[in-house]
Amino acid sequence: MQRQIFTEEHDAFRETVRAFLAKEVLPHYEQWEQDGIVSRDAWLAAGRAGLLGLAVPEEYGGGGSDDFRYSAVLAEEFTRAGAAGLAIGLHNDIIGPYLTGLATDEQKRRWLPGFCSGETITAIAMTEPGAGSDLQGIRTTAEDKGDHWLLNGSKTFISNGILADLVVVVARTTPEGGAKGLSLIVVERGAEGFERGRNLDKIGQKSQDTAELFFNDVRLPKENLLGERDGAFIHLMTNLAQERMGIAVAGIAAAEHLLEITTQYVKEREAFGRPLSKLQHIRFEIAEMATECAVTRTFLDRCIVDHSDGVLDAVHASMAKWWATELQKRVADRCLQLHGGYGYMSEYKIAKAFTDGRIQTIYGGTTEIMKEIIGRSLLA
């Protein structure tokens with residue numbers, strides 16, 4: 001079906017992204033996978049190409065557009081390229097809104113130019129060893145010491161954890177406040193007492209640095225509070241819809257791309273003296289996946305437009321996230337099966353997509369959490 005949500009400007013931006021991937025990412029990606037981390041030069045190149053800070057005001061070096069369709073183009077092209085390691089979506093669509101929406105003018109002048117140029121790589125530290133989706137379980141504390149904050153605690157599974165120059169930390173500022181006693185505190189590279197643990201060894205997305213972070217009596221200026229004190233819960237809930245949409249967009253793009261690869265493969269691969277595509281079972285598998293992708297794409301494109309127009313709610317973002325990522329997981333598994341033994345070989349795209357994409361139903365809120373959000377909205 002012809003997609004109708006993009007304009008000529010979006011199409012031109014897509015070509016820019018593809019050129020960037022071809023020149024600055026794909027020639028180096030195998031090395032990044034081996035290193036377990038991408039080069040900082042790639043972030044600087046992304047800044048020069050205008051891929052960072054798409055929604056940041058132009059006065060700080062950003063693109064000045066809150067049209068989510070540009071972010072969707074980025075997510076789709078990076079997914080098709082299999083380049084999950086350069087976490088531009090995390091930087092732009094998850095952390096960016098906190099800085100543009102909550103930062104003071106002084107904070108914006110301090111942080112946003114580097115955010116847009118690629119000199120300041122960002123991360124958000126929410127998950128802890130004992131607290132994932134449950135914000136009430138967060139134990140990291142930020143004590144108000146009058147003229148500074150004193151931060152103590154640890155975080156884990158932090159994307160960009162090794163590279164990050166600026167980390168937005170979710171910390172408890174009111175002990176008895178439960179989930180509503182949390183605040184956002186910004187920690188910058190070089191802060192005394194801020195330490196990074198090991199670069200975690202994952203089953204997929206090998207080039208994306210994911211780390212443990214430790215905060216031991218880290219003294220932070222009062223000016224590093226981001227947003228309202230004890231306001232993190234509301235801040236987080238406000239921005240989660242965009243995070244989940246970014247993941248959902250990548251999910252359907254991955255499923256479609258895997259279907260393309262597998263459709264071509266079964267046309268070329270022979271068994272019992274004829275192409276696999278001549279077998280009825282294979283045709284049925286392809287037909288089922290193509291139909292599921294087409295139906296999901298229609299819903300996702302509607303959600304993309306609604307989010308660009310500022311009318312997408314948390315419930316529909318949750319629907320998009322769980323459905324698209326579960327579809328991605330299901331399609332990856334079925335496509336790998338259709339590749340047979342070759343699908344299990346790391347050199348084949350399908351194998352890498354299988355392991356890289358497995359996290360999709362987990363981060364940004366698990367499938368189970370998404371269903372809970374939807375169910376509560378319907379049965380409250």
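**Salt bridges and burial**

Reader: What is the relative accessible area of Arg80?
Author: Arg80 is partly exposed, a class between buried (under 20% relative accessible area) and exposed (over 50%; 1.4 Å probe, protein chains only). The model is predicted: local features need pLDDT of at least 70, side-chain atom pairs count only at pLDDT 80 or more, and totals for chains, interfaces and linings use all residues. Residues are numbered from 1 along each chain as its sequence is written, and side-chain values use heavy atoms, without hydrogens and water. For Arg80 the value is 28%.

Reader: Which residue forms a salt bridge with Arg80?
Author: A salt bridge needs a side-chain nitrogen of Lys or Arg within 4 Å of a carboxyl oxygen of Asp or Glu. Here the closest N and O atoms are 3.1 Å apart. Arg80 sits in helix H4 (residues 68–81) and its partner in helix H7, so the pair ties together parts 180 residues apart in sequence. Helices are DSSP runs (H or I, at least four residues), as are strands (E, at least two), numbered from the N terminus. The partner is Glu260.

Reader: Is Lys155 buried or exposed?
Author: Lys155 forms a salt bridge with Glu128, at 2.9 Å between the closest N and O atoms. The pair links strand E3 (residues 148–159) to the loop between strands E1 and E2. Glu128 has 6% relative accessibility. At 1%, Lys155 is buried.

Reader: Which residues does Asn239 touch, beyond four places away in sequence?
Author: Asn239 lies in helix H7 (residues 232–268). It is buried, because its relative accessible area is 14%. Contact means heavy atoms within 4.5 Å. Asn239 touches Pro97 and Tyr98.
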